[in-house]
Amino acid sequence: MKNKTLIIPAILFFFILFILFYLLLIDRKPSELPSVLINKKVPVFKAESLLNDNIFISEKEFKNELTIVNFFATWCKPCLDEHVYLKKLSIGENLKIIGINYKDDPKKAIKWLKELGNPYYDVLVDYDARIGIDWGVYGLPETFIINSKGIIKYRLVGPITEKNYNMFKLKIIEINQ
Amino acid sequence: MMKKYFFSLIVIIILSQFFLLTPHAVEPDEVLENSKLELRARNISKNVRCLVCQNQSIDDSSADLAKDLRVLIRSKVKNGESDQEIYQFLIDRYGDFVLLKPLLKFNTLILWFMPFIFLIIGIFIIYQHHKKSN
Amino acid sequence: MIPFFGNLALWLSLFFASLQFILAYNQNPNLLLRFNNIVNKGLLISILISFFSLMYCHIISDFSVLNVFQNSHTTKPLLYKISGVWGNHEGSMLLWILVLIIFNYFIHKLFNKKNLALLSKALEVQALIIIGFLLFSILTSNPFEIIFPVPSNGLGFNPLLQDPALAIHPPLLYIGYVGFSAAFSLGIASMSVSKKERVNWHSYMKPFVVAAWSFLTLGIALGSIWAYYELGWGGWWFWDPVENASLMPWLLGTALIHSLITVEKKKSLQTWVLLLSILTFLLSVTGTFLVRSGILTSVHTFALDPERGIYILAFIALLGGYSLLLYGLKSKNFLNKNYLSFLSREGLILANNIIMMTVCATVFLGTMYPLLIEAFSNNKISVGEPYFNSTVVPIMIPAILIMGIGPILSWGDKSTKKKLKILSPAIFLTFISTIIFIWLYNSFNLFGIIGIVMSFWIISNIILAQIQHFQKKFNINKIKTNIIPKSSLGMTLAHLGIGLLILGITGSSVWQKEKIVKMNINDETFIHDYKIVFKEVKKNIGPNYIALQGNFLIYTKNNQLIAELKPENRFYPVAQNSTTEASIHTNIFRDLYIVLGDGDINNGWIIRIYYNPLVIWIWIGVVTIFAGGLFSLKKNIGIIKKIPA
């Protein structure tokens, strides 16, 4: 090896070190996956409604006003915890919340909503996770904000909590503009 | 509260690990009758990442989401969709992350070409040595 | 009381390590030798007290110690209470430090009046490393932290960690990682002292490298063995980031051993030795960083704690920055004009070094790449098994070809084509073996063929070399002298081990058969040439678990009963979770591997059966490599002892 090349390992080392420090110091969520549906149109799907005999057709909905889509199930404890915040949101004007009951027992879900209250404009049934997969859902709960033109603008992975409730509301206002 | 979600997620992850300790995930009732199609489905599954596990493919994991995706892939294979179409379907919903073999794209050029560049540099060094030794 | 003394002993170790560091500046030889003796013994005794204090607390289940509370439980069997000491972040750091100090002691044993400058510098560097780790432990990860009020029992009942292979895996691995610290310290010392003062520097380095590499091989293998029988489908390597973190120092360690041999024989590749001794240890410490910093999530990661990560990274920055800058400035003093001809033993070693570095760099790239993408874009990608199999495996193939040829050539060889005629018997043997395997497994799988060719290429060449030596020894068939140079027992065994390892890897990866079937009691099924009968299901009570055990009878095609396999599903009531224990029947040709899945008496159970060819050769290969390492170690320690003091 020539004399000059002997310094190359040191140079490479500092370069890699810099990258590692950067990775360590930025705010990362190693276990969270960013949604690839942001700024895309709502997926096309049809679903049965939980509480009535209607069939929900996605192309007909998601127009004219901001919509929130919340994936939940009775077997998911954080979904239970966030329910109170969903109810709070549902009292707000100018938005609809659609619930998607993911891989659940419809009877249990109906009972659950009766006991806790129903914040949803409509509740759809996703027996086999197909709707969830179409939305890129990988864990419960997940909540999406869709603007009045039917474009998905934001996804929250995890429950709405005291900590992020205000942030979530602000996001809604931001998207509405 | 956030802690509880992550707790839920971590519980899922940990439980998936224990399901990793339970046998390999494909169940008899999932297996397609046509063994060629089944083999295709297995090979595709081996390249699809289990999103609620650590570094496992859906072929290896017994998590619910893994099973749902396996069933989905098999029905698509039966329907005559190509491997490429099936991968694209998953990427459209979950991003490039869902594939264990990184796609050759602009942002993975370095990943795929560096090993061979390393090799070429190495061969050059060996050649230089050999030349100078004579 | 004991935790207090354990903690005190830890501080005492810090004190002695600091003394060792300061002492290095003392010029008076007699004083240096005598004080070093005292300081070194003090350091060793302190850390032993500290380590065994922690172990004592675990054994008696002293839950006033936070570490015991978090990681132990009264129902854990004794063996796992002991191994639980290092099955957690704080305890494993203490083990790291213990092994560091043990190696420090061995470096100190080499100390004499003739090598004063070199060894005292090495001890100075080693002391600094020890201080760094001690500070990390004491300040951020102290295992002797106390909690009050004292809980009645602990949280440490994870059945996953209660396994013999997993129990011994960390200590072996750490002897590997930490052993390279001695090479690092000696490397820095060699660059820091004058030419006269660093005589024999590489002879001192070699036994440490051989020991470290051998134990690292064994440690990695034990992790794979555990994965094989525990994870339920016969897999043993997953290119998981933490597995990769252990592979990288192993690859560079391999290059380092071969480069040291070349320095011994030809005085060449000295700069390679220096660089590799630095990089191998750096990678060992970086591996530690990856597992503990939260930068990666993996099945293996300990604590998700960026603060600890920053500390370790800063330590790596110091260690690596200083050593590599020193290398940049000083290693030119080690250059010589000896250029290596490709078809000589040393030329092939250089080629092997290049390949090891390339594979290491590739594994590093693949492991780090998702993090890079994440840091610089809002995208996330995966770099999984398929990537590593497509890149690493093809690059390794030339390395293995070289492994066959290398020992055939002599040092300083230049005559090329004549020599290569020697290889024809090996080529022939390899060809025959490949045909046999194609016939045996009835398969023309390309990877299988490549694997068998690689494996028998190495084995054939070794057999040939041994036959020639035998013939020469007993003067059979007067052969021209020195056609195949003599090879050491260590090398022969190590290379043979790799050949066997590849045989096992090929068989188990390429020709595995799997059968997944629902079975009721008295059902039978077939896999390969075997008939499997589901005899019964019964309950089995273990020390801290209740198990559902399936009994399976295995018959050959001649209806001969060869085994009864008893896979279990264990439920641990305290931990509230379950594990699956596969049952395996092994012989030199294949493993038969059964796992009991979900099910019940009415619907039957899902049973998974695997036919895994040649798996045992993986483990036999590793043990052979390790044995080779031990023989080599003995020889190299002998060489040092002959250095005049």
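**Entry 1: the interface of chains B and A**

I took a salt bridge to be a side-chain nitrogen of Lys or Arg within 4 Å of a carboxyl oxygen of Asp or Glu. The side chains of A:Lys103 and B:Asp68 form a salt bridge, with 2.7 Å from N to O.

I record that this is a predicted model, in which local features need pLDDT of at least 70 and side-chain atom pairs count only at pLDDT 80 or more, while totals for chains, interfaces and linings use all residues. Residues are numbered from 1 along each chain as its sequence is written, chains are lettered from A and ligands numbered from 1 in the order in which they are written, and side-chain values use heavy atoms, with hydrogens and water left out.

I then looked up the contacts (heavy atoms within 4.5 Å). On the side of chain B, 23 residues are in contact with 28 residues of chain A. The buried area, meaning the accessible area (1.4 Å probe) that two parts lose on being put together, summed over both, is about 2,100 Å² between chain B and chain A. Carbon and sulfur atoms give 64% of that area.

**Entry 2: chain B**

I found 5 helices and 0 strands in chain B. Helices (H or I, at least four residues) and strands (E, at least two) are DSSP runs, numbered from the N terminus. Of the 134 residues of chain B, 52% count as buried; buried means under 20% relative accessible area, exposed over 50%, and partly exposed in between (1.4 Å probe, protein chains only). Among contacts in chain B between residues at least 6 apart in sequence, I noted that 57% join residues at least 24 apart.

I checked the length of helix α1 (residues 2-23) of chain C. Its 22 residues should span 32 Å at 1.5 Å a residue, and the end C-alpha atoms are 31 Å apart, which agrees. The expected span is 1.5 Å times one less than the number of residues. The buried residues of α1(C) include C:Pro3, C:Leu10, C:Phe16 and C:Gln20. Among the elements covering the buried residues of α1(C) are α2 (29-59), α5 (89-109) and α6 (116-140) of chain C.

Helix α8 (residues 201-230) of chain C reaches 44 Å from its first C-alpha to its last, close to the 44 Å expected. Of the 30 residues of α8(C), 28 are buried, so this helix is largely enclosed by the rest of the structure.

I found C:Asn104 in helix α5 of chain C. C:Asn104 counts as buried, at 0% relative accessibility. Leaving aside neighbours within four places in sequence, C:Asn104 is in contact with C:Gln20, C:Asn40, C:Leu43, C:Leu123, C:Gln126 and C:Ile130.

C:Leu139 lies in helix α6 of chain C, and is exposed, with a relative accessible area of 58%.

**Entry 3: the domains of chain C**

The domain assignment of chain C gives domain 1 (1-162) and domain 2 (513-613); such bounds come from an automatic or database assignment. I noted that the contact takes 7 residues from domain 1 of chain C and 7 residues from domain 2 of chain C. These two domains of chain C bury about 570 Å² between them, 69% of it on carbon and sulfur atoms. Across the interface of domain 1 and domain 2 of chain C, the rule finds 0 salt bridges.
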